[in-house]
Amino acid sequence: MNISVDQAEASVWDGLERHFVSDGQAPPASRDSVMLLSTPLFSYQDAVQHFRTIDMSIYEPDIITNINLTGLAKFFAQLCGPPRLKSQLKKEKTFVFCLARCQFDNDDPKDFQLLMTIYKCLTGTELDCARFGSHWQDIGFQGNDPATDLRGTGMLSLLTILYLVREQKPLALKLYQLSLSETQNFPFCVLLINLTKIALGALRSGHLNKECNKRLAILPIMCDVFCALTFEHYKVWKTGKTIRDSGFVLKRLEEKTKSSSQCGELISSYKKYCNEKEGVFEKSDIVFLNVSKKEGKNAAENYGSTFQKKGKVSRYAVS
């Protein structure tokens, strides 16, 4: 059905309350009283470069990049534990953990642009949205301010979600659609924050060292593990799981990252499935981040909070 320009403008105006109302403010009185904005989408690569320009050294005293073992545990880890991370990757690993400590900056327009890109990619809207408002709950944040959900994983979680919606969009939309199910709904972004937390735990424990050493990179491996965990969640959830199963499902996913071999299998299985015609994706849709050797060289346990969505309470929340 074809619609006129006037009809299209009317449709946009009908949606302005969602995009512009925040903190109890009244919506604009007329079309002429507001300018519609459409900020360009933020690419994953540009976001990474943006964060590399920020001085992360202030977070270094507070980060824990490794699990310090003692006694017999340390002895057995040296015998049969994960390999040591190559020295040229330690700076990059520190950067990732600092990014997980870095919180949303309301004074940095790039942070909001990143957040809006996630919203636009999932909802399909071209208009900018308000910084605060109930519309953030539509994509699975817990309240009117997404920044309050970033405890524990900081801006790293927004970066991994951005990677998913920009570089692995077919998977992102499949999972997002499932999150809106009447019977199987769950808070989409809160789930992804928890999966980022699991991937970060695997990096801290050294279980990603083998993959990182092989590709001389840290952040791309994190994104691969994150996407693999996201896909595993999608496969399990679509079998009929509901919010009551969320704790069990997260625990099961975390167990898949408890060794170097398991992490390697997780990544390999996901990439293999993505390249099969029988999968949920077309080959042309799959974009894996291939980081050059030069860049490489330079280079979750509590879920007891609640999430309110359309009158339903979910127990799938960030600790």
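A disulfide is a pair of cysteine sulfur atoms within 2.5 Å, and the structure holds 0 disulfides. This is a predicted model, in which local features need pLDDT of at least 70 and side-chain atom pairs count only at pLDDT 80 or more, while totals for chains, interfaces and linings use all residues. Residues are numbered from 1 along each chain as its sequence is written, and side-chain values use heavy atoms, with hydrogens and water left out.

**Cysteines**
- Cysteine 129 counts as buried (under 20% relative accessible area, with exposed over 50% and partly exposed in between, for a 1.4 Å probe and protein chains only), its relative accessibility being 5%.
- Cysteine 189 is also buried, at a relative accessible area of 0%.

**Aromatic pairs**
- Rings of Phe, Tyr and Trp (its six-membered ring) pair if their centres lie within 6.5 Å, and planes under 30 degrees apart count as stacked, over 60 as edge-to-face and the rest as tilted; the count comes to 8 aromatic pairs.
- Phenylalanine 186 and tryptophan 237 form an edge-to-face pair, 5.2 Å centre to centre with 70° between the planes.
- Phenylalanine 186 is buried, with a relative accessible area of 1%, and tryptophan 237 is buried at 0%.
- The rings of phenylalanine 231 and tyrosine 234 have centres 6.4 Å apart and planes at 20°, so this pair is stacked.
- Phenylalanine 231 and tyrosine 234 are both buried, and together with Tyr270 and Tyr273 they form one aromatic cluster.

**Charges over rings**
- Arginine 52 lies over the face of phenylalanine 95, 4.7 Å from the ring centre, where such a contact requires NZ of Lys or CZ of Arg within 6 Å of the ring centre and within 35 degrees of the ring normal.
- The charged end of arginine 131 sits over the ring of phenylalanine 132, at 4.4 Å from its centre.
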